[in-house]
Amino acid sequence: MDMAIERPRVLSGIQPTSGSFHLGNYLGAVRQWVAQQETHDAFYMVADLHAVTVPQDPAEFRSNTRLAVAQLLAAGLDPERCTLFVQSHVPEHAQLGWLLNCLTGFGEASRMTQFKDKSAKQGVERTTVGLFTYPVLMAADILLYQSDQVPVGGDQRQHLELTRDLAERFNSRYGEIFTVPEAFILKETARIVDLQDPVVKMSKSASTPKGIIDLLDEPKASAKKIKSAVTDTDTVIRFDEEHKPGVSNLLTIYASLTGTGIPELEQRYEGKGYGALKTDLAEVVVEWVTPFRERTRGYLDDPETLDSILAKGAEKARAVAAETLAQAYDRMGFLAAKH
């Protein structure tokens, strides 16, 4: 009996807009994806359809999509143990997205806080309809694969609630098709913050160049950023996110990359000062990113293997997605094409 059938199915995705992943991406999400390969029937996608809600340079966008796949593989995703694919390689995402758009109320979509925040920042004239319907496409992503669980951070919970509402609405109107997904809350997800402004989450949009560790940067550059990280005027190495956010961030990174408990690190650096902690952490980061960069480069240097992995991933994903979409079309009363 195939044990994968008994595993809960999980879907997650990452946009290919940033080029290099940063340390927050890896420790906050991708590392958990690697672990979930062992416990879940895992579907992971490079969410390129979501990325075009804002303008992209075509050549750079194509390059970044390949780069995202290479980094996911370098981080430990195994195509034999998960389904790894590019979203646009599975046209059923856009097709189910349209059906769900027609089930979503305008007011319902208008209440999405992420849309309100982003549209307020960039102005109405620069805000696309795609950004408005982004959460509906996200719902389609999840429901296509009959996902039992969806790993979500705080900023995505509202989108998951919309997904659940749409699944229940479709099921009650047209008959039970969609699995209503549950949130999969990662209890021990490391929240990595900006090295220069430790009250802000490390991110491409909010962080300064000196505050972010890009995994594909030269290791020496990453070490330098660790050594110049903001701490405080105290000298005690103690985990206290409220009063010592900078030091706490360094301890979190150290513990996450080495598996050493934070209490043990506090004990190890008792009376040693921030310089010692930063120097050692810089070495830890260099030791981790160096082979990661080499593995990523290896995949990029072998495009045939990369293309083969993506073709197989899309085939596996479509086998599930096409069946779900066909059921949805049938229940909504679309005339089936005769071949």
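**A kinked helix and its surroundings**

Author: Helix α7 has a kink of about 40 degrees, centred on Pro135. The bend at a residue is the angle between axes fitted to the seven residues ending there and the seven starting there. Before we go on: this is a predicted model, where local features need pLDDT of at least 70, side-chain atom pairs count only at pLDDT 80 or more, and totals for chains, interfaces and linings use all residues. Residues are numbered from 1 along each chain as its sequence is written, and side-chain values use heavy atoms, with hydrogens and water left out.

Reader: How many residues does α7 have, and what is its reach?

Author: α7 covers residues 129–144, which is 16 residues. From first C-alpha to last it reaches 22 Å, close to the 22 Å expected at 1.5 Å a residue. The expected span is 1.5 Å times one less than the number of residues. Helices here are DSSP runs of H or I with at least four residues, strands are runs of E with at least two, and both are numbered from the N terminus.

Reader: How many residues of α7 are buried?

Author: 13 of the 16, so α7 is largely enclosed by the rest of the structure. Buried means under 20% relative accessible area, exposed means over 50%, and partly exposed is in between (1.4 Å probe, protein chains only).

Reader: And what follows α7?

Author: Gln146, with a positive phi near 50 degrees.

Reader: New topic. How many cavities of 30 Å³ or more does a search find?

Author: The search of the whole structure finds 1. A cavity is a set of points on a 1 Å grid over the protein atoms alone, where a 1.4 Å probe fits but cannot get out. Lining residues have an atom within 4 Å of a point.

Reader: How much space lies in the largest cavity, and which residues line it?

Author: About 40 Å³. Volume here is the space filled by probe spheres set on the points, which are joined across faces, edges and corners. The lining is Gln114, Phe115, Lys118, Leu131, Tyr134, Pro135 and His159. Helices α6 (113–122) and α7 each supply at least two lining residues.

Reader: Where else does a helix bend?

Author: α1 bends by about 35 degrees at Val30. α1 has 14 residues and reaches 19 Å from its first C-alpha to its last, close to the 20 Å expected. Val30 is among the buried residues of α1, and so are Tyr26, Leu27 and Trp33.

Reader: What about α12?

Author: α12 spans residues 274–300, 27 residues in all. Its reach is 38 Å, close to the 39 Å expected.

Reader: Which helices do the buried residues of α12 pack against?

Author: α1 (23–36), α3 (58–75), α9 (219–227) and α10 (245–258). Phe292 and Thr296 are among those buried residues.

Reader: Now charges. How many salt bridges does the structure hold?

Author: 14. A salt bridge is a side-chain nitrogen of Lys or Arg within 4 Å of a carboxyl oxygen of Asp or Glu. One of them joins Arg9 and Asp41, at 3.0 Å from N to O. That pair links distant parts of the chain: Arg9 in strand β1, Asp41 in strand β2, 32 residues apart.

Reader: Are those two buried or exposed?

Author: Arg9 and Asp41 are both buried. Another bridge joins Arg66 and Asp307, also at 3.0 Å. Arg66 lies in α3 and Asp307 in α13 (residues 303–332), 241 residues apart. Arg66 is partly exposed at 28%, and Asp307 is partly exposed at 40%.

Reader: Which residue does Lys225 bridge to?

Author: Asp217, with the closest N and O atoms 3.3 Å apart. Lys225 is buried at 14%, while Asp217 is partly exposed at 22%. Elsewhere, bridges that share partners join Glu38, Asp78 and Arg81 into one network.

Key: Contact means heavy atoms within 4.5 Å. On a 1 Å grid over the protein atoms alone, a cavity is a set of points where a 1.4 Å probe fits but cannot get out, and a pocket is an open set with protein on both sides within 12 Å along at least five of seven lines; lining residues have an atom within 4 Å of a point.
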